Every structure is written in structure tokens, then in C-alpha cells.
Amino acid sequence: MTSDVRPISEISSYHAHVYYEHRTRDAAAWLRERIGERFLVTLGRWHDAEVGPHSGSMYQVAFSAAVLAQIVPWLMLNHRELSILVHPNTVNPRRDHIVDGMWIGLPLTIRSEVLPEHADAEDAMEPNTSPDRDP
Ligand code: ZN
């Protein structure tokens with residue numbers, strides 16, 4: 001264990017992965033619409049099957065550090081029964097997802113073996129929402 005302090009400048013952006021099952025897909029759709037109405041984020045497409053390290057159907061919400069402080073407490077209050085992984089994006093996707101993320105709702109399994117330990121840190125993407133409501 002290194003004693004080096006990691007500065008938050010390591011973080012290029014954030015993801016929230018919203019997981020759902022057949023039974024909870026409507027709740028996930030409801031949440032997705034409410035997020036889009038309130039936050040300047042990039043809503044990723046629906047993955048109705050397991051993809052990459054994710055052990056369930058999910059969609060991704062990508063956002064900048066400026067959005068984090070508002071969307072996380074909002075998701076805490078509004079996730080319903082959904083599990084959500086919020087993680088930073090640095091140069092180490094494996095660590096980002098497995099070690100440094102936080103769960104809202106029940107944690108799920110992440111397949112660490114498919115995640116690289118080195119990658120270009122992902123900057124926040126162009127938002128595709130037009131929020132017009134307060135969180
Ligand atoms: Zn992610």
C-alpha cells in the first residue's frame with residue numbers, strides 16, 4: 001500500500017451505471033427520463049444484456065465533476081429498487097470500477113478480469129440532455 005495521496009485531478013469524469021432486470025425495466029426508464037429532465041449528462045444506450053464487466057442489463061450515465069455533487073444525492077433519493085454504480089474515470093478502469101466506485105442500492109458483481117488496468121482517462125462526453133427542471 002502506497003502512502004502517496006491521489007489528487008482529484010486524476011479524475012477526468014464520472015459514470016453512473018443504472019442496472020435493471022426485466023421486472024425493474026420500467027423503473028429504469030422512469031429514472032432515465034427524470035435524469036434527463038434535471039441533469040446535463042450523456043445518457044448511454046440501453047444494454048438489455050450483460051456487456052463488458054457488468055453482470056446485468058444496464059445503461060450508463062456519463063457526467064462531469066460539476067454534476068456529481070447534485071446527481072449523487074438525487075440518485076440516492078430516487079433510485080427506487082435499482083442498483084447504481086457511481087465511479088470515477090481515471091487511467092485505471094479496473095480500479096475505478098472495483099475499488100473506487102460507490103453503490104446506491106444493492107451492490108452487484110463486477111467482472112474485474114475484463115477491465116484493463118491502463119487506459120486513457122475518459123473525459124466527459126458531449127451531454128445529450130436538455131435539463132429544464134431543478135433537481
Ligand atoms: Zn463506467
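Guide: Two strands pair if DSSP finds at least two bridges between them, and strands (E, at least two residues) and helices (H or I, at least four residues) are DSSP runs numbered from the N terminus. This is a predicted model, in which local features need pLDDT of at least 70 and side-chain atom pairs count only at pLDDT 80 or more, while totals for chains, interfaces and linings use all residues. Residues are numbered from 1 along each chain as its sequence is written, and side-chain values use heavy atoms, with hydrogens and water left out.

Visitor: Which residue of β4 is the bridge partner of H17?

Guide: In β4 the partner of H17 is L85; β1 and β4 run antiparallel and are joined by seven bridges, so they too count as paired under the requirement of at least two.

Visitor: How many bridges join β2 to β3?

Guide: Two bridges join β2 to β3 in an antiparallel arrangement, and since at least two are required, β2 and β3 count as paired. Here L43 stands opposite V61 in β3.

Visitor: What is the order of the strands in the open sheet?

Guide: The open sheet has five strands in the order β2-β3-β1-β4-β5, with antiparallel pairing. Its edge strands are β2 and β5, each of which pairs on one side only.

Visitor: Why is β1 called largely enclosed?

Guide: A residue is buried under 20% relative accessible area, exposed over 50% and partly exposed in between (1.4 Å probe, protein chains only). Eight of the eight residues of β1 are buried, so the rest of the structure largely encloses this strand. Both of its faces are covered, with S13, H15, H17 and Y19 buried on one side and Y14, A16, V18 and Y20 buried on the other.

Visitor: Why is β3 also described as largely enclosed by the rest of the structure?

Guide: Seven of the seven residues of β3 are buried, and therefore it is largely enclosed. S57, Y59, V61 and F63 point one way from the strand, M58, Q60 and A62 point the other way, and all are buried.

Visitor: How do you know that the length of helix α1 agrees with its number of residues?

Guide: The expected span of a helix is 1.5 Å times one less than its number of residues. For the 14 residues of α1 (residues 25-38) this gives 20 Å, and the end C-alpha atoms are 20 Å apart, which agrees. The buried residues of α1 include A28, L31 and I35, and those buried residues pack (heavy atoms within 4.5 Å) against β1, β2, β3, α2 and β4.

Visitor: Why is the pair of D48 and R25 called a salt bridge?

Guide: The name requires a side-chain nitrogen of Lys or Arg within 4 Å of a carboxyl oxygen of Asp or Glu. The closest N and O atoms of D48 and R25 are 3.0 Å apart, so the pair qualifies. D48 lies in the loop between β2 and β3 and R25 in helix α1, so the bridge ties together parts that are 23 residues apart in sequence. R25 counts as partly exposed because its relative accessibility is 29%.

Visitor: What is the N to O distance between R95 and E10?

Guide: R95 and E10 meet in a salt bridge at 3.9 Å, N to O. This pair links distant parts of the chain, with R95 in helix α3 (residues 93-98) and E10 in the segment before β1, 85 residues apart. Both ends are partly exposed, R95 at 29% relative accessibility and E10 at 27%.

Visitor: Why does D132 count as exposed, and why is R133 partly exposed?

Guide: D132 has 62% relative accessibility and therefore counts as exposed, whereas R133, with 45%, is partly exposed. Their side chains meet in a salt bridge of 4.0 Å, N to O, and both belong to a network of salt bridges that also links E33, R34, E37 and R38. The structure holds twelve salt bridges.
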